[in-house]
Each structure stands twice: as structure tokens, then as C-alpha cells.
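Welcome! Please take a moment to look over the sequence and the 3D view before reading on.

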Amino acid sequence: MRDLVVRARQGDRDAFAAILAPSLGRLTAVARMILRDEYAAQDAVQDASIEAWRSLPGLRDPDKFEAWIRRLLVRACFQRTRRIRRVGAVEVRLTPDHEQDIATLERDLDLRDQLDRGLARLTAQQRAVVVLVHYLDLPLADAAQALGIPVGTTKSRLNSARNALRAAIEADDREPSRLGERFA
Amino acid sequence: MTNEQFSAQLRQHLLSTADERVVQGQLASILDQVAVVPQRPKLVARLPWFAGGVGSTSSSQLRWALLVALALIGLTIAGAIYVGAPGPRITADQEVVGPTLEPGPEATPDRAGCLPFLTQFDEATTYTADTHSLSITVSVPATPAEPWMGWRDSFGLTSGACTDRTGPGGIAASEVTEVDARACAVSAAAVNTYEEAVAAVSTAQGIDVLLRTEETLGGYSATLFDLRVHDDLNACSNGGLHLVDGVPSFGPGSGIGLYLVNVDGTTLAVALHGYHSWSSDFRATVDEILGSMQIDPSRPEESIAPPPAFTSGGIRNCSPADTVFDAPGTYTAPAGSLSLSVDVPGTRDDPWLGLTSRFSLRSLKGACTDFGRGGGWLEASEVTRVETEACAGAGVAVDTFEEALAAISSAKGINVDERTDVTLAGYTGTRLGLRLDIDSNACAEQQIPLLNGMTRFDPGARYPLYLIDVDGKTLAIALYETDIWRPDVTAQVDEILASLRIDTTASSEPVAADCVEFRGPSRYTAPAGSMSVMVSVPGSDAEPWIGSRRHFSLLRAACADQQGTGWIEASEVDLVDMAACERGTVEIHSTEEAIAAVGTAQGIEVTSQTDAKLGGYSGTKFDFEIPEITSRCADNQIPLVDGVNPFDVGLDYTLYLIDVNGKTLAVALYGPANWSATVSDTIEIFLDSMQIEP
């Protein structure tokens, strides 16, 4: 990987492609989670990738490429939040749900729905910290670096996001599911 | 639920719902852009060029200050070669040469003594240059006695003349995305807002903020920092502090004026180099320049790469990966593992946009981001999943046409009010009238996913949906916003659907993203360096032509194999290889120079040289051959002019060198002696119809 980054830093586009290809899915997933808009997510990944290519000569430590492009992606996502387009394509991934009993499935779907709706209510900044910490499993310091904010701020932003999520779920629990009402 | 339990649930949810799918063509689209976007140069690489002399009248202290200032100016110039941004526009009587190639170490000064990226101003000049997304214009009160230099690739002004490159200071501007607030100790931190940038600079290590004032610049509110950089910057390589990205590093001990300007949410940095060494007269001159500054935030980011953007018929903001139909043409795009082609009745006044990555065709209004109201919109997808409870995350996989039809018909909140048997492209199916009566509050963006691979639907609206059984695969074609279609759009879409062709044998790999196939009369527009070239293409199914999106190149072939006889390319010329790969490459500053260089180049045998005209511009037409093998060139190909394909031994060629407002456009024809009459006629059509946007 280091060799590829060094080569890409020297202008080798094939090397850059080799670095980017295996990361693209993960980067896109992060962007989708933060932006919740397919087009905007793809655009953000594209922005970050192009910016990575352009700025590679300035990357001091090739070993930090992954963290660096993550930071570019988060920044691109925030920039995209200002101009998300209305139209969004969606390709919903099929989640394996076989071999679960009906009760478990219903409970899981309910929680999943609650979490999903809760995440939708967060700001992009809150979603970003949640995604970095809970999806990418980054230590707070790395998440802070990706977000470009101090560790303390990251921690408080994460707490705030989690509290908002929990509040949303608890609010849901207090009343019948809107979907349940509609489709009952 | 404890925090730990909740965190675990949250993580599990994120992992299970994460969508790491890479959309077809996504990587190709990025790499397409990477192919035309150059990298930013590493700043220190340019330092040796700018070891300019120091004025003889200086005291030792001033000499040191000037030396630092000049090093900074050098860095400023180097750093401000902001690759990817278009060159500046200069309105004065000076000769203006278009954006150049990034100069290499062997770059030589032009006849005015300017290095290739500089222009000297000897008279009052209006200077315009772009940062990433902003366009900045200033008036420069230059005189022969007090000239200024402006650089061509980004916003930067330096006092002095090209011959000695000495002067008391300079101005550089860039958009800020990072601030190094720890004096090179750790990576610079991203700043997303003006406030964050101001706060980061205010508390940055490695500098002393001597004064901070609230100002306006270019009509926008700004903060002006009067900074002094610490003498001791041990953690910084090469001794320079990159306080904000985009503008050059600040040397130890230097005094800097730094504006941070809030331009509608974008933070612009304007750095004043040599600030503490300026005389009152020079300060007044800079104040005059800054006072004249106009900042245009309307430059769309989408137009940045490649330069120029792939446009057609004056339609801006189009992704180079997508196709604009401002003339009738054939649109081919994937729908899952199927490849669909339709005839698009586009016109200049009523253009259409087709995405490359998936089958999505929309009529446009004024730009690729402006679809207008009442225009047509259709999308197609190979259906593999139906959301039976949209927005609740519940859906089913469907393997057959019948399963898809049943799933859609039984999906909650989906009312099917029409069901008609249809045949499309020779395949049978059903046309459904769908109305989505779903509470969309639970859906992202309040839009409803129903079928994989398609744009989400709006609640309450009615959608005609074609479901077609294509040899066991289910093709869905949805028509969007039909309620508000203009009558003529309905007829157009009917024609489009009637022309549908389905290729079931197509590879699931998308067609090369760079390949545009013309199987009907159409118009092709593509970049040629900093210019844009457009020609009419009389393609047909029997005689298809393919074009590149990245640069002007047309080949008589199909995208599937990309092989054929009949090839034309165009490019902007900056270099000519006069010695057939024997270190004889020269930089070209005018069309006259290019013509002279090609006319005397070794390795080629010019058989005729005549005056010519293309697109209304004049130039010279060369016919030449490469008679013998030259082992010095790789693959026995001579890269005579940059931008177009190298020329092979044993073939004949025609090369036009056209003067387009000071830029040189090369148009190369490969092997015309071997062309069929049809191909020759078609190439003549290209040349006759050629339009050049300089």
C-alpha cells in the first residue's frame, strides 16, 4: 500500500486507481450514511477522490493515506450538505434475514426502523461522528482528526448524537408505530 | 439499556445496513476525471527558480527582509500554480497566452523574460483569475517603471518585472479548507466554515497575531490578521509554515497580512507577502488593488475539471461522464446486466441528458442541473428487489417477471390503477399505473424507494411503470412527473420507447465510460486543451463513430471493440518534438512557432504545406509521412505535437495547426490514404462543421 501511495504521489494514475478501488465501497458507504442521499454521496466520494489525487504530492506520510482520504471525504460530505440535490437514486441492499423467527424479525425491524429514523433526524455533523466511531470503529482521536475538530469536541458531539438518537427511540416507544398504524 | 448496549446496537445497525456497493461506473467516472486533472505541484520543487537577485540599495536588514520576501514570492508563485483551475482573463493590450502546461525544470523564460506561468503587466490592467470556485478580478495600476507580474493558473500578483523578479511584495489568494494551527507539529485541521478558519488562525501556534481587525474585501465581510511568523519553526520542513492551504508557506520571521473573507460560506484567504517591509507608497498601491477587488462566487465547482467542462450546445455543469443530446442521437446505458439503447430526439433548444452509469434520461432546460418543469424523464432498471414496505426497510428479492409483478402489486401503499399488456423492443410485459399513497415522513428526503436502481418516487404522484420480461430478467422502465409533462414531451417519450433496443448479451461491465457511440446524426463536443471543439457526426448503425469524452478524438468504430479505420484527433499544442525523440522538444508560444517547428522537425517528411482554415480560424495544413523506423522513439511512434496520438512509421498523416486567438489547435488525421470514400467524406463533414470555442 505504501508503495502504491508513493507511486501515486509521483503522478502514477494506475497506482492511484489501485489504491482507490478497494476503498471505494467503504468510502461510499460512509458518505451514504452521513448524507442519506445517493447522488450526494457519490458526488462527495468523487470530490474527495479527485481532491486526494490533486493533493497527493503534499501528503507528507504515505502511511496516513487512509486517514487522510477519510478526512477529505468527511469534508466533502459537509460541503455537499449545503447543496444536496432533491433527486436521489436508491439501490437498497438486500439484507439477509433468513432463519430468524418472526418475533425476532419484527423486533429487529422495529429497532432498525427506529434507529434509521433517529439517524435521519441527526445533523450531518452528528451522523458523521456516529459513523466514524460506530461504523468505522475509529478511536476518538482518529475521528477527531477526520472531522478536523478537537477530541473533546468530538466526544461531546458523539454524546449529543447518541442522546438525540436515544431520545428519538424513546419517543417512538411511547407511542404506537406510525407505520404500524398505517399498515395495520 | 446501558450506554454500552446502546452503542453495540447502534454499531450492529450501522454494520448491517451499511451499503458498500460501488455503483456501476463510479470508479471509472472518478478515474476519468483523474486522467485529466493534474496534481498540485509540491511547493518546494519550484524554489530554485526563484532565487532572484536582491536590490543593490538595500541595507543588510532590508536585504534579508527582501530575500525572505522574494523566497515567499517564489513560493507564492509556485504554490499558486493551482492546477485544475482555468487560467486568468486579462484585459489589456498585452499579449496574452493561454494556460500553459505545468512548466518542468527545463522551462525557459519567454521573450519578455517571463517564465511560462507569468505575464508581465506594464500598464494598467484588469486581472481576473480563479480560485477553486471563486473568480477574482482586480485592477492593477502597473506602469513600465513599476510593473507587476500576474500568474496564469491561479490568482497571484507580484510586484516587479519578469527579468529580475524583484519587488517588495505580492498578493496570493486561495480558498481555505485547512489551517495548520500547530505549526507543523501535526497534520493541519480541516475548517469547514469561515468562523472555524478565523478561530483557527487566531489561536494558531507558530505565529503572533499582532493585530486583528474586521474589514470588508470585495464587498464581503473579512478579518484582517497582521501576523508575525516565529523565527523558530523547527517542525516545519523547509522552514515554511503552511498556515492556510492554497496560499504559499510563510517563512520564519516574516510579517504577513492575511485576509480571511467570508464569501457566502466559502472562506477565501488573501495573503499579503512582505507586508511588514512595504513602503507607504507600495502599501497604497496594494490598497488600491484590494479596493478594486471583485469576487464572483458564481463559478460552479462542476466546471472545474476537466477544463473546459464537457459541454454541449452551451449547456454547462454537465459531468464529463454523461451525455448531452442537443441534437438527435443514440443513448446507450446499462440497466443491470442489460444494455439499453434508444434514439433521443434532442435539439439545441430542447436538449436531453443521459447518465452513463445507469439508464436515466431527462430533458434539460438551461444547464445539467436545471431540468426545468414539464420536461421528460424516464429511467430503467433490471429489477432484483422490490420494497414491499417502502421506508420501513422491508422488501423482497425477485427473480422472475411474475415475482416482480406480484411484489409490486401487493406492496403496501402502492395502488395499481392501470394494467395493460405491452410489447417493447420485441419483449412482452405490462404497463402499470402506480400511485404511491405512503406516508413518506419516515423516508429519507420524504421520497419513496420502490425498485432497486431507480430514483425514488414522490408520495401521492402517479407513475407509469413498464415491467418487461426480457428472457427471464425483469426490466422496469419508469416515467417520472408525467402529470406535468408538456404534450410534446409525451410524444417524444413515446418515440424514445418505440426506439428501444435491448442487448441481453452485453457484459455486466459498463461500456467504457470514456466512449460515446454515435449511431445516428448527432453533434460531438469535447475538450482540446483549454479549448472546446464541436463537430457534426453523421453516424449510423452501419457506420458508427465513437468519441472520447476526455479529449477530442473520433474513430470510425463501435465502443465494443474500439477498432476501425478513420481517426481524427484535436488538441491544444504546447510542445513540439523537433528531433524525433532525441531531446528536441520545444515549448511553443505561438502558432507561428508551432508551424515553424513542425515544418523543420526531424523524422517526418512533409509532402505539402498549405494555408488552411478550420472553424473560422486560420492556420496551416501539413501532409506528411514518417518514412523510416526511428529506434529512439518508443514503439516507433513520433510524438510530434503534444495532446494528440503519436504518429506511426509507414503511414501518412494530415496535421492542421490553427491559430485560435493566440492558442494553437492541432487537428490530426491518421492514415487518410487508407480511408474508404465514406470515411473520407465523413471526416470532411467533421472539418467543415467544426466549431471552436477558445
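## Chain A in outline

Please keep in mind that this is a predicted model. Chain A contains nine helices and one strand. If you follow the chain from its N terminus, the order of elements is α-α-α-α-β-α-α-α-α-α.

Chain A has 184 residues, and 53% of them count as buried. Its accessible surface is about 8,300 Å², with 49% of that area belonging to carbon and sulfur atoms. Among the contacts in chain A with a separation of 6 or more, 69% are made by residues 24 or more positions apart.

## Two helices that meet in chain A

Helix 1 of chain A covers residues 2-9 and helix 2 of chain A covers residues 13-35; they pack with their axes 7 Å apart, at an angle of about 135°. Because of that angle, helix 1 of chain A is oblique to helix 2 of chain A. The crossing of helix 1 of chain A with helix 2 of chain A is left-handed.

Which residues of helix 1 of chain A meet helix 2 of chain A? From helix 1 of chain A come Leu4(A), Val5(A), Arg7(A) and Ala8(A), and they meet Ala15(A), Phe16(A), Ala18(A) and Ile19(A) in helix 2 of chain A. Sorted by type, the residues of this contact between helix 1 and helix 2 of chain A are seven nonpolar, one charged and no polar.

## Chain B in outline

Now let us turn to chain B. Here you will find nine helices and 43 strands. Chain B has 694 residues, of which 57% count as buried.

The accessible surface of chain B is about 26,600 Å², and carbon and sulfur atoms account for 49% of it. For contacts in chain B with a separation of 6 or more, residues 24 or more positions apart supply 58%.

## A closer look at Thr330(B)

Where does Thr330(B) lie? You can find Thr330(B) in strand 16 of chain B, which spans residues 329-335. Is Thr330(B) buried or exposed? Thr330(B) is buried, because its relative accessible area is 9%, under the 20% cut-off.

Beyond its neighbours within four places in sequence, Thr330(B) is in contact with Phe325(B), Ser341(B), Val342(B), Asp343(B), Arg501(B), Glu517(B), Arg519(B) and Gly520(B). Thr330(B) can also be compared with Val516(B): the two are 186 residues apart in sequence, while their C-alpha atoms are 9.4 Å apart in space.

Key. Residues are numbered from 1 along each chain as its sequence is written. Chains are lettered from A and ligands numbered from 1 in the order in which they are written. This is a predicted model: local features need pLDDT of at least 70, side-chain atom pairs count only at pLDDT 80 or more; totals for chains, interfaces and linings use all residues. Side-chain values use heavy atoms; hydrogens and water are left out. Helices (H or I, at least four residues) and strands (E, at least two) are DSSP runs, numbered from the N terminus. Buried means under 20% relative accessible area, exposed over 50%, partly exposed in between (1.4 Å probe, protein chains only). Contact means heavy atoms within 4.5 Å. Accessible areas come from the Shrake-Rupley method with a 1.4 Å probe; for residues, only the protein chains shown count as cover. Axes are lines fitted to C-alpha atoms, for helices over the stretch in contact, and angles run from 0 to 180 degrees between N-to-C directions. Angles under 35 degrees count as roughly parallel, over 145 as roughly antiparallel, 65 to 115 as roughly perpendicular and the rest as oblique. A crossing is left-handed if the near helix is turned anticlockwise from the far one by less than a right angle, and right-handed if clockwise. Ala, Val, Leu, Ile, Met, Phe, Trp, Tyr, Cys and Pro count as nonpolar, Asp, Glu, Lys and Arg as charged, and the others, Gly among them, as polar.
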